[in-house]
Amino acid sequence: MSFTLTSKLPHVGTTIFTRMSALAQKYQALNLSQGFPDYETDPRLVDLVSQYMKEGYNQYAFMAGVPVLRERIAEKVENLYGIDIHPADEVTVTAGGTQAIFTAIASVIAVGDEVIIFEPAYDCYRPTVELFGGRVIPVMLRAPDFEIDWNEVKHLVSDRTRMIILNNPNNPTGRVLQERDFLALQQLVESTNILLVSDEVYEHLIFDDRRPHSMLQYESLRSRAFVVASFGKLLHTTGWKVGYCIAPEKLTAEFRKVHQFNVFSVHAPTQYAIADYLSNPEVYLSLPGFFQQKRDLLIEGLSGTGLDILPCEGTYFLNVSYQRISNLPELQFAELLTKEKGVAMIPISAFYAAEVNQYLLRICFAKKTDTLIKAVDLLQNIG
Ligand code: PMP
């Protein structure tokens, strides 16, 4: 049978993560490209999931998420930011951060709407906006600071701007927003119809004594925002795909209209287990120390190799510049390193829609100490 098919996403191909991971496998290289831990999940958390399964929590969970988990999320927000959110009508448990972002966009973006994103950007924002007929307006941020020029953003706002998507702490830049960024954003959106998505999946992965800094802390922003988080990052369980979205009641109502028809509800025993596990706040309060140690090991190991290290304030990604070593474009250099040095990383150019080459690679350090030491050894003679 023959049929014609017009792709709704003609420009989407295999992601760079799949490509680099496949190359890493082919050349038996250390895979520091994709963002996932190579160490074990806490066995206590794994036991809790099986405990809830054995106890019979195996049927559909509540559409918006099991109440005890939504309450735990509200408690976490209260502990961290002193803010009172309502678990019943402001928190929705999702199948990971990606689904939360997808659903937020799907629930409010219509044909012709403009959505401002900041590039380098996490890869799901653009196609999701385009899938619903929206138009992406990118703001280009440049190494080494990747600072936002809010004046430039202001000039890109039009009467069609429906949404601004921010990711803080930022993948891939490793930077975190400052108070001044939030204040500028506040000024920009006040008395407009602009909605916000704040992708905060790396909320707790922040270093050098920084404290988590959420859009939830700004009342005027929170009142128009979908704030997205991921337990994959928080609990070292990226394969479980559980996350959540916090949004004011009016936005949550629209969010859930979409959520109930594309997901309905998320794996029930895992939700109960996570709620149980999160009753100890140390689980998330210990993350900065845990990851900072890994970041510092990598920074120290790579100094003197000819790679220049960019500031990393948050996330589990470190960016390095190889400008002093080679003038190959990023993708070619990343492929060469995978084949010849046995270490796979991600070219930063993959996070821009336009062609941009800054001689930068992103390294994921959510890896065992052993893996990081091996990577450092392999990269010693890179120059
Ligand atoms: N946003 C960003 C910036 C991410 O890096 C990721 C995961 N790599 C996600 C969202 C998606 O999170 P999840 O795996 O929970 O879907």
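Predicted model: local features only at pLDDT ≥ 70, side-chain atom pairs only at ≥ 80, totals over all residues.
How much space lies in the second largest pocket?

The space in the second largest pocket comes to about 270 Å³. Its lining is made of 20 residues, and those closest to the centre of the pocket are Phe146, Ile148, Arg175, Val176 and Leu177. Strand 5 gives the most, with three residues.

The loop between strand 5 and helix 8 holds proline 172. The peptide bond that runs from asparagine 171 to proline 172 is cis, with omega near 15°. A cis bond is found at proline 120 as well: the peptide bond from glutamate 119 to proline 120 has omega near 10°. Proline 120 is placed in the loop between strand 3, residues 114-119, and helix 6, residues 125-131.

I turn now to the ligand. Around the ligand there are 13 residues, of which Gly97, Asp199, Tyr202, Ser230 and Lys241 come nearest. In this shell we count four nonpolar, six polar and three charged residues. Helix 5, residues 96-108, provides the largest share of the shell, namely four residues.

Which atoms of the protein lie 2.7 Å from an oxygen atom of the ligand? At glycine 97, a backbone N or O atom lies at that distance from a ligand oxygen. At serine 230, an N or O atom of the side chain is 2.7 Å from an oxygen atom of the ligand.

Histidine 236 is a residue other than glycine with a positive phi, near 60°. Histidine 236 sits in the loop between helix 10, residues 231-234, and strand 8, residues 243-246.

My last topic is the aromatic rings. A pair of aromatic rings is described by two quantities, the distance of the centres and the angle of the planes. In this model the count comes to 20 aromatic pairs. Why is the pair of tyrosine 60 and phenylalanine 264 called edge-to-face? The ring centres of tyrosine 60 and phenylalanine 264 are 6.0 Å apart and their planes stand at 80°, so the pair is edge-to-face. This pair links distant parts of the chain, as the two residues are 204 residues apart. Tyrosine 60 belongs to the loop between helix 2 (43-54) and helix 3 (67-81), while phenylalanine 264 belongs to the loop between helix 11 (249-262) and helix 12 (268-277).

Methods: Residues numbered from 1 in each chain as written. Heavy atoms only, no water. Near = heavy atom within 4 Å. Polar contact = N/O pair within 3.5 Å; in protein donor to acceptor, adjacent residues only side chain to side chain. Nonpolar A, V, L, I, M, F, W, Y, C, P; charged D, E, K, R; others polar. 1 Å grid on protein atoms, 1.4 Å probe; cavity = no way out; pocket = protein on both sides within 12 Å on 5 of 7 lines; lining within 4 Å. Points joined across faces, edges and corners; volume = space filled by probe spheres on them. Phe/Tyr/Trp six-rings, centres within 6.5 Å; stacked < 30°, edge-to-face > 60°.
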